[in-house]
Amino acid sequence: MEIITTHKNADFDALASVVAASHLYPKARIVLPRSINANVRAFLSIHKDLFPVLSPLELRHDEVSRLIVVDANRWERLDCMHPLMGRSDLDIHLFDHHPEIGDILASQGKQAPVGSAATLLVQELEKRRIGIDPIHATLFLAGIYEDTGHLTFPCTKPEDARAAAFLLEGQADLHVIQTALRPGYGPHHKEILTRLLETARRTTVNGHVVSFAHAELNGHVTGLASVVAMLRDILSADVIFGMFWDGRRKQSIVIARSGSEGVDVSALLKPLGGGGRPEAASALVKGARPEGLENWIRELMAQNGHASVQIFDIMSFPVFTVRPDDTVEAVHTRLRERGHTGAPVMDGEKLVGVISVRDLVKLERPTQRSAPVKAFMKRDVITIDPQDSISTALRLMVKHDIGRLPVVEEGRLVGIVTRSDLMLYYYNLI
Ligand SMILES: [Mn+2]
């Protein structure tokens, strides 16, 4: 007997991958783990007949001759498959996209760090010219979209977009996908969100705006991650930690979301036994209260401060500056020659203003051209510290609509960071 299985808490990528694998292995039975995400369960309740599945409890392990694993590469992530571990006569095929190396050793299959496991299987179906009907195309696309955040997560690869295009050509239904991927949001979630908003506290750690919000759980709640994601949008924090206390099981659940390149929440939660991706991670800690964990996380973040990229790493120096008594004409010419869009105005060692080409081009009259720049410079200069984070710089530029920030340390001008420095950083060009 051949079986296809996937990881516990099966998500759309997992379901899409097992179903796609069943196209590659028509004789194989699908064995779904007992725990399935709420939105996948809702989808299955309508589509159940299309995908006949076997419970792991019904499985006769000794009859299994081939195991096909999708969207997972570790035995511990599979449900009730331990009797198969270490069996030398078992033929294992593996289709997985997780970049870390696992302990399931396969003779065949496909492993590549693309955005979703479904991508790898869809590529295989396309290659072997195996037809996909619109309903299946819809499910496979839901898998790709879920794991890549509709092709927006940094894990997304060109292969994912190509597979998505192939499925759209195969008439995947975006209306169905929209409904299927919508997070379950009920009255209970609203209650939790309200509680989180009431308890949310904002702090700044290493220049990142970080929020911790607490809530107690009454019984098992699914979809907590989407509530935390909503909270992050509402609070517009760089990093958010949803801290949940499950009193009945005496355990804490930490769900973290980061919108800042400088903070890798999966690395942060690793010491707590958690994991995930740099921008989304979670941890379940038995016997520890959320308050204590919050302190622990704060300390970890403070320690990691030096590892994250600071303004010092991307700023330019030495800085081209002008004097307050230089004429508009002279400053304009010098900026143009150097290709700068602006400069700090220095009175000796003292930063007294900034002037930008944007201000200078408006000054056309001869009397203005010969006037000193101090008459037209901006005097309330927004500056930044070399130890500040990239996201702080970005926030200041957006808030004040400015394109450059003088970097000041102990009253001294040590560099300048411009919009184009940030752009080079975000596009990974430096
Ligand atoms: Mn996946």
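Two strands count as paired if DSSP finds at least two bridges between them. In this predicted model, strand β2 (residues 29-31) meets that condition with β3: two bridges join them, and the two strands run parallel. Within this pair, V31 stands opposite L54 of β3.

**The sheet**

The pair belongs to an open sheet of six strands with parallel pairing, in the order β3-β2-β1-β4-β5-β6. The edges are taken by β3 (53-54) and β6; each has a single partner strand, so one side of each is left without a neighbour in the sheet. Helix α3 packs on this sheet, where it touches β4, β5 and β6. The direction of α3 makes about 110 degrees with that of β5.

**Helix α3**

Helix α3 (residues 117-127) is largely enclosed by the rest of the structure, because eight of its 11 residues are buried. The buried positions are A117, A118, T119, L120, L121, V122, Q123 and L125. The elements that cover them include α1 and the following strands and helices.

| Element covering α3 | Residues |
|---|---|
| β4 | 66-70 |
| β5 | 91-96 |
| β6 | 108-111 |
| α4 | 134-148 |
| α5 | 158-169 |

After α3 comes R129, which has a positive phi, near 55 degrees.

**Nonpolar cores**

The largest nonpolar core has 49 residues. Within it, L121, F140 and L141 have the most contacts. Helix α1 (residues 12-24) gives the most to this core, with eight residues. Which residues does L121 contact, leaving aside its neighbours within four places in sequence? They are S17, A20, A21, L24, V70 and F95.

**Domains**

The chain is divided into domain 1 (2-181), domain 2 (187-307) and domain 3 (313-426). The centres of domain 2 and domain 3, taken over C-alpha atoms, are separated by 38 Å. Seven residues from domain 2 and five residues from domain 3 take part in the contact between them. How many residues of each class are on the side of domain 2 that touches domain 3? That side has five polar and two charged residues, and no nonpolar ones.

Technical notes: Residues are numbered from 1 along each chain as its sequence is written. This is a predicted model: local features need pLDDT of at least 70, side-chain atom pairs count only at pLDDT 80 or more; totals for chains, interfaces and linings use all residues. A nonpolar core is a set of buried Ala, Val, Leu, Ile, Met, Phe, Trp, Tyr and Cys residues joined through C-beta atoms within 7 Å. A residue is buried if 20 or more other C-beta atoms lie within 10 Å of its own, exposed if 12 or fewer, and partly exposed in between; C-beta atoms are placed from the backbone. Helices (H or I, at least four residues) and strands (E, at least two) are DSSP runs, numbered from the N terminus. Two residues are in contact if their C-beta atoms, placed from the backbone, lie within 7 Å. Axes are lines fitted to C-alpha atoms, for helices over the stretch in contact, and angles run from 0 to 180 degrees between N-to-C directions. Domain bounds come from an automatic or database domain assignment. Ala, Val, Leu, Ile, Met, Phe, Trp, Tyr, Cys and Pro count as nonpolar, Asp, Glu, Lys and Arg as charged, and the others, Gly among them, as polar.
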